[in-house]
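Hello,

Here is the structure for you to look through. My notes follow below.

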Amino acid sequence: MALPDSMTVEEFFAPARRNRATISPDGTRIAYLAPWKDRMNIWVRGVGEDDARCVTADDRRGVSDYEWTADGRWLLYPQDSDGDENWHLFRVDLEDADAPAVDLTPFPGARMMHFELPPGRPDKVLLQLNNRKIEEFDLLELDLATGALTVLAENPGHVAGWLPGRGGDLFAQTITADGGWELSRWDGRTLRPIATFEGDDHPLGTYPVQLTPDGTGIWMGSCRGTDRTRLVRVDLETGEESEVDSHPEFDIDIRSQVFTTLPSPLIRDRRTGALLGVRYLGERQVIQAVDPGFAGVLKKLSALSDGDVAALSSDDSGQRWVVSFTHDRDPGVTWFYDHATGESTLLFRPYPHLDPESLAPMTPVTIPARDGLMLPSYLTLPVGIEPAGLPMVLMVHGGPWTRDAWGFDPGAQLLANRGYAVLQVNFRGSTGFGKAFTQAAIGEFAGKMHDDLVDAVDWAVGQGYADRDRVAIFGGSYGGYATLVGVTFTPDVFAAAVDYVGISNLANFMRTLPPFAKPTLTGNWYRYVGDPDDPRQEADMLARSPISRADRIRTPLLVLQGANDVRVVQAESDNLVDALRQRGAEVEYIVFDDEGHMFANPENLITMFRAADVFLARHLAEGSAA
């Protein structure tokens, strides 16, 4: 037995040839992302035609997502500047091939939080924007043709998000003093409460939150009275909550609340807005069709791949569909399907150079924590060699209020190609496994949350997969914090560590969060970690911060940081690295000047993982561990 041929970092992290395809409302055109000058841009071609043309020209950051307008005239997409998260909304005119993309929100320092297309008004966009006051988002109406903006609701100072209704009705979500989420009606001057939801149940806010087509209710994710998040309808007059759909074992898949390019958990009719299906997530995805017609379509679509149905789009008739699939070894395969004829056509594989047979399966495993809590996890083992006594990388997800899920992970595949076992653990505090599992992390930063990771390492060693002396930890954001906790609180567990935009000082992290994030901290960071303005709580936060134990670090450490990160600012990495260098500790540090919290430019991702590849090879080779 032998490993497959070694693949280059570029093969895993170069831009996709094509991805994120969607069909136009009239069913005659397909848009997708593909490289132009090594950046992802939007291309459009006719269905069944070979007439593709690039309709955007972003050669700096690249386009990550886009949306058709209802009449198919325009394409809209968000874009920030070098990862600063000040999102602007851009418009592409498909009727004028020579017209450049237009920035519809050209306000320096402002951030568009959300936009939506109101039914029956293809020339208008509703968006939430903080151009008036940086910490407050107003609701505005945008005229697509002229770019004119009209204020529909000025934030009274405590609205976290707006929800446009029908016939001029407006609704808002606010945060109560104890971190709860309140849904209210806005009458132009005051807010009239409709319903309130426990903050502990929704650390990042209720999700999804979408207006029903008739305008009388809201579809919302709720776990009121149950451990699992199900779909309910909240009556906008009475506040009464009634169940729409649920799964006996799984939560609604709410990952798109954090990773906005993932598909919504609610699958809706493009033209009418009717609910067609709901996505749930366990070890794999489950879609429950709530519309009989869609059930027939879903059966046909699901037969096109052994992966999970990912992004879906249809024309207004609901007959022509474009579907892509989540898969651990054949990612993003995209098909065109005509329900009227039953015919399907493979549109593309985003990474045609990747051979699924040479890639490593991502296997769900369940790991018991020391207190009996079961940790849903994923194990990726290298292909072609005996899975025994391997060097292993523990990859820790960010958030922490999100989760790892089955699918293609280029980082994990790169590491498996190098002969490492890769373990990804949904530690307590992860979302998607019931609210009790999430709330088990309250007060447990650098405590039981970290114990879960150490227990997972012990499990992998006990099962014979991993060599205890050759285990590394690698994480980003919260996962970067967990990495630093690993080398400060348990310095004997890990032979190497890679910290990507990780938190070193919990109090400083919370104080330097951007204004748009601070109003929502009560139910998450304050509840789970503490209030840095309370001296007693600040002292506890410092005790749980890696910076306070930097003198204990003896594990080789690689630190990666985006200079424009507004969430985990560069000082979080600078201060830790400075402390280590002052005492001559081994640390490598790379700062990327044109990146923020989530790296996007392919050359930076390649540089980052090439550095990690070399670093891990040096410290996980047999005989290299201290």
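Buried means under 20% relative accessible area, exposed over 50%, and partly exposed in between (1.4 Å probe, protein chains only). The model is predicted: local features need pLDDT of at least 70, side-chain atom pairs count only at pLDDT 80 or more, and totals for chains, interfaces and linings use all residues. Residues are numbered from 1 along each chain as its sequence is written, and side-chain values use heavy atoms, with hydrogens and water left out.

Salt bridges come next. The whole structure holds 43 of them (a side-chain nitrogen of Lys or Arg within 4 Å of a carboxyl oxygen of Asp or Glu). One joins arginine 567 to glutamate 85, with the closest N and O atoms 2.9 Å apart. These two residues are 482 residues apart. Arginine 567 counts as partly exposed because its relative accessibility is 27%. Glutamate 85 is at 10%, so it counts as buried.

Now a sheet. It is open, with 4 strands in the order E9-E10-E11-E12 and antiparallel pairing (strands are DSSP runs of E, at least two residues, numbered from the N terminus; two strands pair if DSSP finds at least two bridges between them). E9 and E12 stand at the edges with a single partner strand each, so one side of each has no neighbour in the sheet. E10 and E11 are joined by 7 bridges. Lysine 124 stands opposite aspartate 143 in E11.

Arginine 132 lies in strand E10. Its salt bridge goes to glutamate 154, at 3.9 Å between the closest N and O atoms. Both belong to a salt-bridge network that also includes Lys133, Glu135, Glu136 and Asp138.

Best wishes
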